[in-house]
Each structure stands twice: as C-alpha cells, then as structure tokens.
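This report goes through a structure part by part. Please look at the sequence and the 3D view before reading on.

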Amino acid sequence: MSSRRLTRRNLLLGTAALAPLLSRRADAFGEKSRFIPAVARHGGNWDLRMSGLRRIAWELQRRTSVEVVPDARGFQLSSPDLFEYPFLYMGGDGSFPALTDAEVANLRRYLTYGGFMLADANDGSDGDGFDASFRREMARVLPQSPLAEVPSGHVVFKSFFLLDAAPGRLLNKPQLAACMLGKRAAVLYSQNDLAGAWNRSESGDYEFDVSPGGEPQRELAVRLGINICMYALCLDYKDDAVHLPLILNKRR
Amino acid sequence: MNSPTFNAWKLVSLSPLPQWVLVLLALGLVLGVALAAWGVRREPSRMRRVLLWTLRVGAGVAALFFLLEPGIRHLQVARMKNRVAVLVDRSASMSFPSEPGGPTRTAQVASFLEKAAPQLAALQDRFTVEMYGFDPELAPVTPASLAKEPARAGTTDLLAAVRAAAGAGQGARKLSGMLLFSDGADNQELKAGVVGRARAALADLNVPVSTFTVGQEALKDLAVEGLKVDDFAFVRNSLTVEVEIHGRGFSGREIPVVLSQEGKTVASKTVRLESSDDMKPVSFTFTPDQTGRFVYTVTVPTFPDEAVADNNTRSFTLKVIRDRVRVLLVVGRPSWDERYLRGLLRQDANVDLVSFYILRTLSDDPGVSSERELSLIPFPMEEIFDTKLDTFDVVIFQNFGHADPSLSIAEYERNLERYIHNGGAFVMIGGDSVLGEGRAMMPTLMEALPVAAAGPANPEPFKARLTPEGLRHPITAIGTGAASTEAAWGELPPIPGANLTTARPGATVLLDVPHMTADGKNAPLVAVWDYGRGRALVMATDASWYWSFAAHRDGSPSRAYDRFWGNALRWLVRDPDLTTLKVTADPPSVEPGRPVGVVVQARMADYQPAQDAQVRVELFSVASQKPVAVQTGTTGTDGVVRLEFAPPAPGPYKLLASAKKGETDLGSGEDAVAVRAVGPELSDASVRPELMEAIAKTTGGKAYKLPQDGLPDVPLLDPPVVEVGRAKDQPLWDRWYYLVALIALLGAEWFARRRFGYV
C-alpha cells in the first residue's frame, strides 16, 4: 500500500528532515526526559506502526516546542521499565491472545499512577479482530472505567490544533473512545488506524493511502496525533480559563 | 409622769357604731332632709321655702355630727429617711482637663462637692446622702478621695451605675433621687443615646436622676476613632481599613493620616476638617504581601494644644493568612516533569493554579495556513510578570528560559527579583534551558536563587541524597519521622540527570547529587533560602517526575512526590504548621496597663511535642528597635508554655522566641502584639451633655452643668411618714353648746312650720 516510490531525492529529504532533531539542544539530560513513545508488545501483530510512531514524534518536534527522541520502543506490558515512558502505544492488526495477569496488573498500575495509552486498531476493526481483543482486555485492566466515546468538546481536540473529528488512515468512527480515571483520559482509543496515516516505508514515503479523505485527512490524522501527545504531556492545560475566550472565538 | 409629746394630729370619728350603721343613719338623715324639702315644694314664698330647707339641713348636719362623734387624734410621728445617691464617674476620661489648662474633670467635681457640702448636709434631715464613685462598680468616695485618686476605669457605663445605685444602700430604704456627675462619655449601653431598652431601663428606676455635666465641649482634640478592620486578611488580597478622624477645634485644617506596618508606611491620606467638631471617615486599601501577624498603626499628628495626645494613634494587629495558594506555573515547554507537577497541583484543592506553557517557539513550524487552526494564545508576559505578579503566592519556572526576544523575560527579571525580595516565593526547576544550560542566563533573577550555575549538566542517573539539613527540614520530611524520611528517600528511583550548580552562601541544601561536585562540594539537587522577605527553592533537574511515576514501577504505591511538593509549597508560603516553634500572642491586642501574654508551642524536628524545652521570648519594641524585656520558661508535656510580660509602654511589639531542648536547637518563631495607647475610654475626649440631659429628662430629674455655685434645688421624692409613738383622742362632740344648737335648729324649724301652717 505504498503511496510513493522510493527515490534518491525523497531519501535525502527524509534524512535532512531528521537532522534538526539531532542538532537541537545538547543531550545534557540524556533522553529520558524527552518524549519517546513506548509500544506495547502483545501476542498479536503489535509492531506494525513503529515508523508511524517515529514519524509522529518527529512531527511533534517540528511543529511544537516539545523535545522528542524520534524513536519507538517496544516493551512487554509486564515490564517495570514501562514506568520510564509515560506514553504507551498499543496497536495491532487482528486479534491477540489474552494478556497475562502480570501484564494486566502492571498495565493497570501504569495507567492508574499517571501513564497514558493510545490504543489503535490498525485493522480498522469493529467488534472483531483487534477491537474485540482490546475491549476484552481493557475490561480486565480497568473494569471500573469502561470505554466511552470522547465528546467533541474534550480538551484533546484543542490541545494544540483546533479539531472536530478524529480521522486516521480510515474514518470508520468519527470520534475517539476513552477510559476515564477521574477527569483524566488514561486511555484513548481510535478504530481508524491512526498511526497508519503516519506510517512511512523504509524509503520515507507514506506507507498507506488514506481514505476517504486523502492527504487532507492524513494531515488531520497527524494533527490529531500531535494533539494526543500534547494531551498526554499537558493534560487539561487548554481547558484553563485563560484559553477559553480565544478558542471560542477561533472556533466561530 | 410626763405627758407624751405629740407632733401631729388628725380629725377622726370616735363613734363606737360600725361603719355600715353610720352609713345607714346618714342615708336616713339625707332622706329626712329630702322629704322636708319635698313637703314645702308648693310654698309660694321663696324665702319661706329656703328658710325651711336651711333649717332642716342644719338640723340634719347637727344630727350627723352627733352620730359621728368627731374628735381630734393627737399623734407622735416621724419621717423615714430615704436615700440620695451622689454618683461620680471614675472613668479615665474624667482625668481630661475640664477646660484647656484647667483642672481635671474629677477635680472639678471634687471642688463642687466640697462647695456643696453644707447643702448636702442640710439634706441629711430628710435623706441619707450616699456618695459613690463608679467604674462602673460602686465604691464609696469623698471629695478628698476624688481629688487624691485619679480616675482610671477603662469604660464608662452610666446605666450600670444608676442601676447599681438603685439597688445599693442601707436596708430597705428607698432612693429619693440621684445626682450623677459625669462627662457623659458613655461607651457602653448608653453609647448610642437614651433609646430603646436603655430608655425603658432608666424610666423603670422611678427615681429622678439629676445630672451634672462636667467638662467643656469646646476642647481641642484630634482622635483616631471608629476603627473597622477584620481580624484576619488573605495575603496578596486587597484589604480595607476604615477609621474616623474626629477633630474638635480644627476647622479648615488639613490633617495627614498615615497607616503604617511596624514602622513602615503602608498608605497615607489627607482629610480636611470642615467644622469645629467634625468627623471624617478615612479608608485605606492595601495588599498585605506576607503571611503572619503584624501590628498596624493609624496615626494623625499631635498638636501642642490638644487635650489628649494618646488618642492620636490607634494600633491593631492583623493576621495575614493564605486562602488558596495561588501558583503561577510557567513552563518552558511541555515535558513529563511538567505533566506530573501539573497533575499534582491541579488535584490539590488548596492550590489555585494559573499556568502558561510555551507550546511553540519561533523555530517550530506547525504547518498551518492560519493561526486560527491553532489553539495557542499569546504569552501575556507583561500581565503576569508585571501587573499581576504580586497576586501570586508562588511562581514556578519549569525549565523556562528563552533567549528568543518574543519569549525572553529579560525585561521582567528585576520585577521577579523584587517580587521574591518583597515576600514572594519562587521555584526554579531545572532542565536543559536553565541553570547554566541554554542561552537564557537570567542573571538578575539568578541573584535571588540559592544556587549558581557551575558547569554543564550531567546526564548520569543518580539517587538523590538527603543532606543532614534535609533530614531536619520540613520540605524533605516525607516520612513520619527522621528514620522514616531517610528510608523513604532511599527507596525512590534514580533520577536521570541534573544541572550542575553550587550553593550560594546562606543557602540550605536539602538534597544533593552524590557523584557530581562543584568547588569540592556535592552539587545541590534541592536548595532553599530566604531572599529578602521572600523564599526561593531550586530543583536542579527536570526529572523529579521519576519520584511520581517511576516510583510505582515495583508495585508499591508511593506518595513521596506529592509529599515533597506539598511540603515545598507550604514552606514557601510560610505555613505556620511547618514551623517547629509556634509563637502566639495572647491576646494579640493588649489594652493599656495590661500584661502581654505569649503562648509558645515547641516541637521536635519530627513534629512531636518537645517536652521540657527551654523557651526564651524577647519582647522587642518595633518603635525603638530595641528589646524591652525577656522571659524564659520550660514547656510542659504538650510542648506548650505560656509566658507573661509586665505591661509595657504603648506601641507595636514583636515577640521573638527561640527554644532548645538540651543541645538541640528547636528553631525560632515570632508573633506581633499591639499594646494600645488608649482604650475605648480615652480614645474620645468629648463631653456629651445631650446624653446627660436625656438621662435627666427620662427619669424626671434636672440637668445641670458644672461649675455651679452651690447645690441647686434638685427634684427628690419625699420620704414617707410613719407613726412611731402613741395617739390620744380628744372628743369634739361632747360639748353642751353643740346640743343647744341642735335643739335650737329643730325647735326653730318646728316653730316655722307651725307658723307657716305645715303641721
């Protein structure tokens, strides 16, 4: 589903685009304080969107003041090392086997004590495939916080860009779903293969076509990705009273 | 055998017949007269008719005379002596001069009573004259004792005095009247005048109270009166103090009024007094910038010819507390460090968080065609670092340092430094843009911080190490005691990297980096100090979030991060509960001549009560900047001791306390106390003749003003008369000529009736 051919020009441009990431601030504090997406390893196809995650990190660096490491690192859900990466991506194509009790317990602790998880049905499934497996596991992880649709007024739609829908590579569901812990969305879930719209092939081209909206929809998917990262980093900052008049004015 | 001396008589009936028989006989007589009149009604001669009527009436009266047997009862009687109470006001205002340069009001009363002594003695025939001073308790006085002992009472309560006098006295003797000597400067029940229940109470006495007003109304005086201020205020919130400037004899004068806090002028205003007796309200609005208890003083100048100088100042204590801690969080860029601190501050109900994040710099390209596609707002630097800066209790810079002119705070650095110096609290959290990293050096702001940059940051992970100072400090007290705190810090995960800094002289390093040194000492991780009247804290890393999130990696919940930052905020805003020595003036405002009390509560470093601690408290005069007295004591089992100082001179004072238990220093603390120059009694030198007149009018007495030449004719109730000896009856009816008169009248009527043809 490659949309662009690998050319020497594209390769050079892609490499050049990564250069600022390496040259911006010195690594005085190492990488741990920077934004690095962790990726949940599960029994299914968990690593199909690694380049997309690297890409969204890169977009975050380019478009915002956030400092990132343009990388995505896989971890077992039972790993204590997850607690050094407050942003966790969990995607998959097709169903995956049930998580172990240790994984469920660790993920529950991760989310309860401040971790954030972006779940993404890479297969665009609804009621089967990844969707069924994910919903089954979330019912074990956070039984008191069922997945519910995120209202359009949620801060995730204004945490950097002003958005009113949640498209990905697909547009199966116009909105995200969330597991709320208190007022915080600990889990955001897209059934539109959000990271699929970000994914790049080894040649640097976008790997998949985006439908039905094409490239404008891809841009919206990138913006949504940035907003989600911003939400994970800033929580409800854009709900502060000081922002509201200006945001309302811009939305008119 | 001497006959008794009779001094009174009265007419009585000596008839042995019962009263009802006498009444019946009298009715029969009246009937006889009436029938006789009826019998002659047709007599054509008016003269004859009148003659017959007259003779019958005369005979009837004579008959009645014999029936009643009138007599004179000679009596020996005496008058019961009632009381007359002379009440003299002994309140402190009676020490004011009765006129400029004249004797005191009390002296004028004493002089008058001396002069009126003969007239008072003359009253002794009918009354017992009792002379009391009231303060407001009644106590016997004499003109000599009045002249000798100055009036001192702190209040004037005229109603209580007359009530007490009505109930006092010897035995059951009734009160015939009161003579009330006062300036009328009542500051209790009759303060508002003779109205309502006070009026009813005076009327119910049923005793005339004659009033003698002493003192001239035209006294020249300036007074600070009518102070209205709350007992406490919220720091960084505006507060209004209202007073009334009462001026007599200052018509057309401009009077400067100054509000000061322990010698430092807070605000000043000028009022113009329009008339010779004018009262002008003055209000001061100011914003206290520090928590604690402070003495404020409102002052007007003292003019040489004023009646009272002490009422030209009015001091009060104000406890300044925090409402919710208003925190300004300025974030250089979104990061995990920011995310966890924000989460903590947002969930703290005691924190009012205002935050500004730099989400985009000039070098970032959001890839939009219009700014309307972004939710970003301009960074309101002037508003938060200039106009609104003083409204925040704590300002936190989190890796905030930009050299880019649109985001640089170079222009506001001095504001921030002054904000801290003047009592604000500031936190600098490290990262790769501050504390020697990045290009924004912020040299002016750095002056106010307890550390200085010392080189490039080190990304080596390390475990924060508690210093000996940190072991005792409330900020790092995340356990329930020293051992628990040390263990809690030991359990926290390593931190990935820190800024390299050195502590400035005077700074307290609470946590340091074991493997990083600068100038031969371990680099501080957390350091604090007092800068001017404010406080500053530096956290030389952008990874304290590891204590929040990574601390849970092994499964056990940890509250270390929450406790650390909670303690830090409380220390920064000087939460009184975070001091090991709590000093409380008891009471915070002391009336003139009263002792100054202070309660000291000492606690150990682990906040347990410090029993048997040696406490030393110094009473320090703010006005003279000198200690005036020292008291020492030992705490009880609850770690508390109360000490008392002898009454000091009026003015603002600080109570500076320190405590030790053995060789262990328990720290120091302070509170403020205002010793008032004048109580309510002396704050107003005015005379209230209208009140005295109203008292006299309500009770049926008369109102007079001193001086008087002698005692005027005051209204007094007559004392009752009682029979104290024997009585002797002297009949009047048993005289022969009374009988002759009766027979003559009856005979004359009989003769006339025969002569006129009626028998």
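## Chain B as a whole

Of the 759 residues of chain B, 42% are buried, a residue being buried if 20 or more other C-beta atoms, placed from the backbone, lie within 10 Å of its own, exposed if 12 or fewer do, and partly exposed in between. The model is a predicted one, in which local features need pLDDT of at least 70, side-chain atom pairs count only at pLDDT 80 or more, and totals for chains, interfaces and linings use all residues. Residues are numbered from 1 along each chain as its sequence is written, while chains are lettered from A and ligands numbered from 1 in the order in which they are written.

Chain B has 16 helices and 35 strands; helices (H or I, at least four residues) and strands (E, at least two) are DSSP runs, numbered from the N terminus. Among the contacts in chain B with a separation of 6 or more, 76% are between residues 24 or more positions apart. Two residues are in contact if their C-beta atoms, placed from the backbone, lie within 7 Å.

Strands β3 (residues 82-89) and β4 (residues 127-134) of chain B pair in the parallel sense over 8 bridges. Strands count as paired if DSSP finds at least two bridges between them. B:Val88 has B:Gly133 of β4(B) as its bridge partner.

On to the next strand: β4(B) also pairs with β5 (residues 138-140) of chain B, in the antiparallel sense and over 3 bridges. There B:Tyr132 is the bridge partner of B:Pro140 in β5(B). The two strands β4(B) and β5(B) form a hairpin, with 3 residues between them.

## The sheet of chain A

In chain A, 7 strands form an open sheet with mixed pairing, in the order β2-β1-β3-β4-β7-β6-β5. β2 (73-76) and β5 (148-149) of chain A are at the edges with a single partner strand each, so one side of each has no neighbour in the sheet. β5(A) runs antiparallel to β6 (residues 177-181) of chain A, and 2 bridges join them. A:Ala148 has A:Ala178 of β6(A) as its bridge partner.

Helix α4 (residues 129-141) of chain A packs on this sheet and touches β3 (87-92), β4 (116-121), β6 and β7 (184-190) of chain A. The direction of α4(A) makes about 150° with that of β4(A), taking axes as lines fitted to C-alpha atoms, for helices over the stretch in contact, and angles from 0 to 180 degrees between N-to-C directions. A:Arg135 is in helix α4 of chain A. Is A:Arg135 buried or partly exposed? A:Arg135 is partly exposed, because 15 other C-beta atoms lie within 10 Å.

## Where the chains meet

In all, 39 residues of chain A are in contact with 41 residues of chain B. α2 (50-63), α5 (214-234) and α6 (244-251) of chain A each supply at least two residues of the side of chain A that touches chain B. Helix α2(A) is mostly covered, with 12 of its 14 residues buried; A:Trp58 and A:Leu60 are among them.

## Nonpolar cores

A nonpolar core is a set of buried Ala, Val, Leu, Ile, Met, Phe, Trp, Tyr and Cys residues joined through C-beta atoms within 7 Å. The largest has 163 residues, and those with the most contacts inside it include A:Leu188 and B:Ile396. Its largest share, 12 residues, comes from α5(A). Another core, of 51 residues, lies apart from it and includes B:Ile245 and B:Val622.
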